[in-house]
Amino acid sequence: MEQKIPYKIYLSEDEIPTAWYNLRADMKQKPAPLLNPATLKPLTADELSAVFCRELVEQELDENTKFIAIPEEIRNFYKMYRPSPVVRAYCLEKALGTPAEIYYKFEGNNTSGSHKLNSAIAQAYYAKKQGLKGVTTETGAGQWGTALSMACAYFGLDCKVYMVKCSYEQKPFRREVMRTYGASITPSPSNTTEIGRKILEEFPGTTGSLGCAISEAVEVATHSEGYRYVLGSVLNQVLLHQSVIGLEAKAALDKYGVKPDIIIGCAGGGSNLGGLIAPFMGEKLRGENDYRIIAVEPASCPSFTRGKYAYDFCDTGKICPLAKMYTLGSGFIPSASHAGGLRFHGMTSTLSELYHQGMMEAVAVEQTSVFEAATQFARVEGILPAPESSHAIRVAIDEALKCKQTGEKKKILFGLTGTGYFDLVAYEKFNNGEMGDYIPTDEDIQKGWASMPKVDL
């Protein structure tokens, strides 16, 4: 008799992973190294240590250690909200009339409302261990800034956040949660940094981008004694920490003998997608199992589907390392009308290399269809999803409807990165019929590429 799969599959506290999984260790073709923008040579540990915490630099550069132990203090913090459940979306399946089985890994059961806390607490831990006064960072939709402010409060660190200006204005409640946890918030670009002033001069009236905010946060970190910069996505160290998502998801599904055919995640900088797919992609790289893996990005910021695979600056101010990635150019700034998050101009080098190898797919979706999917999901599954997560929901629904047409009983897993309770301005625009779909023209993207460095490697 077939075993009944519960609505929620939980692991015990003892089953929280004891080590992060380093996906790069199983990649035969490794991601291209970060380059010093001045010399165009691979960055050394000493050079990176001027910006990042020492132990995080070691994790960033480690391409061979498959499992890296999670310190006990971090695992104890994880126990406040982990392990997070894998949920069988029975109600959504019924509403769609699909023979497909739909599962989602839910990461919204903490105050930050997202998966970002998994890496924030790790980065704050290493900053505290190093004896630093505090850290600086950027945030777009605000999930990362919220998570980092929580982590810094836990360890007694100062937290300076540069928040993309349009999000700062659209999401005042997210801003206030950060302030409640003790963080200082500055809308970016600002007049408080040299780079911010230059950006405002070049782009007067700009609503900002993650690239702008990164530049300001790095400038403050490198000019403030006892501070380092931390980042919520894109970097290898972040994908490493987020592997707890996929490790838990696989362990939970394995309990019931469920092997997903399709794995879907939203893709901005790559932290959630990389974390979710890590152990599954590892099996695929080792030839043990095959999975169809789909990255979903917004049509308004389509780095995978319309970007170039090349070295580019990670920030608008062009002071950060160069990364080889799928990119729209560091000068590309998404329209302020785009409310769905996932606004970074590039994609993490690890996922970019895997995509380049054909190990995964990518699709771009328009934001009105994303919010249609979010609304449908909320009404039947009882969770108001974050706009970012709703990109994955959109494609999960689309794939389930394909199964309805073909009669295939595929198993679909997607990442529900968090909740959308701080994104109600966007939901209000959708519900009022005021939301539109911005799709950059080829000319818009060409302008972004014009800012790219000429690196011939």
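Predicted model: local features only at pLDDT ≥ 70, side-chain atom pairs only at ≥ 80, totals over all residues.
1. Residues are numbered from 1 along each chain as its sequence is written, and side-chain values use heavy atoms, with hydrogens and water left out. Helices (H or I, at least four residues) and strands (E, at least two) are DSSP runs, numbered from the N terminus.

2. Next, the sheet. It is open, with 4 strands in the order β8-β7-β6-β9 and parallel pairing; two strands pair if DSSP finds at least two bridges between them. β8 and β9 (227–229) stand at the edges, each with a single partner strand, so one side of each has no neighbour in the sheet. From one strand to the next, the twist averages 20°. Helix α10 packs on this sheet, touching β6, β7, β8 and β9, and its direction makes about 170° with that of β6. For such angles, axes are lines fitted to C-alpha atoms (for helices over the stretch in contact), and values run from 0 to 180 degrees between N-to-C directions.

3. Strand by strand, β6 (residues 134–139) and β7 are joined by 6 bridges, with threonine 137 partnered by valine 161 in β7. On to β8 (residues 184–188): β7 connects to this strand through 5 bridges, and lysine 160 has serine 184 as its partner there. β6 and β9 pair over 3 bridges, and valine 135 stands opposite arginine 228 in β9.

4. Strand β7 (residues 158–164) has 5 of its 7 residues buried, so the rest of the structure largely encloses this strand. Together, β6, helix α6 (residues 143–155) and β7 make a right-handed β-α-β unit: with the strands pointing away from the viewer, the path from the first strand over the helix to the second runs clockwise.

5. Finally, the charges. The structure holds 23 salt bridges, each a side-chain nitrogen of Lys or Arg within 4 Å of a carboxyl oxygen of Asp or Glu. One of them joins lysine 171 and aspartate 423 at 2.7 Å, N to O. Lysine 171 lies in the loop between α7 and α8 (172–180) and aspartate 423 in the loop between β15 (411–416) and α17 (424–431), so the pair ties together parts 252 residues apart in sequence. Lysine 171 is buried at 7% relative accessibility, and aspartate 423 is buried at 2%.

6. Another salt bridge links arginine 286 and glutamate 288 (2.9 Å, N to O). Arginine 286 is partly exposed at 35% relative accessibility, as is glutamate 288 at 47%. Salt bridges with shared partners join Asp26, Lys66, Arg286 and Glu288 into one network.

How values were computed
Buried < 20%, exposed > 50% of the residue type's maximum accessible area, 1.4 Å probe, protein only. Contact = heavy atoms within 4.5 Å.
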